[in-house]
Amino acid sequence: MKKTDKNIVMITAGGVGQRFGTEIPKQYFILDGKPVIEYVVDACKKCEMADAILIVAAAAYHEQLHKKYGVDVTDSGSELNETKRNGFDYIEKHSSCEKLIVVEAVRPFLEVEVLYETFKLLDKYDAVACARKITDSLGKYGKWIVNREDYYTLNPPEGFRFALLNQYFKADSSYTESIQQLPETSKIYLNFEVPYFDKITYPDDLFRAEAMMKLRKQKIFEEE
């Protein structure tokens, strides 16, 4: 990363595999021949708008990540927001970041086209969030009827004008999405026109992802 770098993609990879039930974090598990994180790194590297890529990960994995992928690496924290704050501090110190996209190492189906679109949208907006409408019935304790049209889900990748995010983001916040820490007056774009990139959280997710990878390869082969 250089002081002249302005467009940066940050990959959060600080998970320790607690819900996955293994000693090896889920982002390093092999999925169809490659570590889960490698699919994410590959998508980020294909985005020519990105000046630099930063992985925020546990110190034990720094050497192999830097050596294998040739990207910047810095320490993760004990919680996700602490991991993000560490990454933002590194970016502030080592670059002149204007636009930042935050992705997760455990979403191997990330598409480079979404990264391009997010960078472009940040020309007009303070932040961009990938959003998804709720299609299942929605319930709430203490209330019998809930209108699902009033709600949506937020999921990575998220894009930001870095100066605004860096000013307001707190590592000790209880909010689960960075965009929730921005002022309500921020100009935010909710992008519903992107696929939901499935997350590897539990062992069963890995088996489903294996099947999806094989179907994707088959589709690409048939199209060719």
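**Buried positions, nonpolar cores and backbone geometry**

Gln-181 counts as buried, at 11% relative accessibility, in this predicted model. The residue sits in the loop that runs between helix 5 (162-168) and strand 9 (188-191). Beyond its neighbours within four places in sequence, Gln-181 contacts Asn-81, Tyr-168, Phe-169, Lys-170, Ser-173 and Tyr-175.

The largest nonpolar core comprises 39 residues, and the most contacts inside it are made by Ile-11, Ile-37, Cys-44, Ile-55, Leu-65, Val-103 and Leu-110. At least two residues of this core come from each of strand 1 (7-13), helix 1 (36-46), strand 4 (52-57), helix 2 (62-69), strand 6 (99-104), helix 4 (112-121) and helix 6 (203-223). Helix 1 contributes the most, with seven residues.

The peptide bond between Pro-156 and Pro-157 is cis, with omega at about 5°.

Backbone geometry was also examined at Asp-32. Most residues other than glycine have a negative phi, and most peptide bonds are trans. Asp-32, by contrast, has a positive phi, near 50°. This residue is placed in the loop between strand 2 (30-31) and strand 3 (34-35). With a relative accessible area of 22%, Asp-32 is partly exposed, because the buried class is limited to values under 20%.

Conventions:
Residues are numbered from 1 along each chain as its sequence is written. This is a predicted model: local features need pLDDT of at least 70, side-chain atom pairs count only at pLDDT 80 or more; totals for chains, interfaces and linings use all residues. Side-chain values use heavy atoms; hydrogens and water are left out. Helices (H or I, at least four residues) and strands (E, at least two) are DSSP runs, numbered from the N terminus. Buried means under 20% relative accessible area, exposed over 50%, partly exposed in between (1.4 Å probe, protein chains only). Contact means heavy atoms within 4.5 Å. A nonpolar core is a set of buried Ala, Val, Leu, Ile, Met, Phe, Trp, Tyr and Cys residues joined through side-chain atoms within 4.5 Å.
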